[in-house]
Amino acid sequence: MGSEGQGKRVSEAQIAELKEIFRRFDRDADGSLTVLELGALLRSLGLKPSGEQLDSLLDSVDANGNGLIEFVELLSVIAPDIADNVDICNNQENLLELFRAFDKDGNGYITAAELAHSMAKLGHALSFRELTEMITEADTDGDGRISFAEFAAAVTSASADYFKGSRL
């Protein structure tokens, strides 16, 4: 099942992992990504696309012209870049493992209470203000809790900011 006519092929395992990543960011489970969901997915991979870049990507990838990106459309674009790169999938798995450590009840969301408890266990007790700021920054849809997509975007954004600041 890889890209035909190219030297390297995407393995079945990579396709399965990418499909799982896609599913995690498909918030309404309709089998497609909106431009907002696509942005969250790309940020979770360490990229920081602008709104204009996302619109351009959507225009170039949206083969059926419905304004959404289905898995096969996304795969056709990224397959050549991941054929011999498992780091993307490994990064997602590490993020998911970290997310699950915070998501104590396993419902797919991190609440303020779960975040406070986990941070305290890590030796970083948060004030109410710090906790509120963290939730507000990560909670892009405003539902008061952090989904995996929001968590991945926040963690990778914080990591990118940290490394940018540490360069001379």
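I began with how helix 1 and helix 2 cross, and I noted a right-handed crossing (right-handed if the near helix is turned clockwise from the far one by less than a right angle, left-handed if anticlockwise; helices are DSSP runs of H or I with at least four residues, numbered from the N terminus). The model is predicted, so local features need pLDDT of at least 70 and side-chain atom pairs count only at pLDDT 80 or more, while totals for chains, interfaces and linings use all residues. Residues are numbered from 1 along each chain as its sequence is written, and side-chain values use heavy atoms, with hydrogens and water left out.

I then looked up which residues meet: Ile21, Phe22 and Phe25 of helix 1 are in contact with Glu37, Ala40, Leu41 and Ser44 of helix 2 (contact means heavy atoms within 4.5 Å). By class, I recorded five nonpolar, one polar and one charged residue there (Ala, Val, Leu, Ile, Met, Phe, Trp, Tyr, Cys and Pro count as nonpolar, Asp, Glu, Lys and Arg as charged, the others, Gly among them, as polar).

Next I followed Phe25, which also touches Leu33, Gln92, Phe148, Ala149 and Ala152, among others, when residues up to four places away in sequence are not counted.

Lastly I turned to helix 6 and helix 7, where I noted another right-handed crossing. Ala112, Leu115 and Ala116 of helix 6 make the contact with Leu131, Met134 and Ile135 of helix 7, and I recorded these by class as six nonpolar, no polar and no charged residues.

Key:
Helix = DSSP H or I, 4+ residues; strand = E, 2+ residues; numbered from the N terminus.
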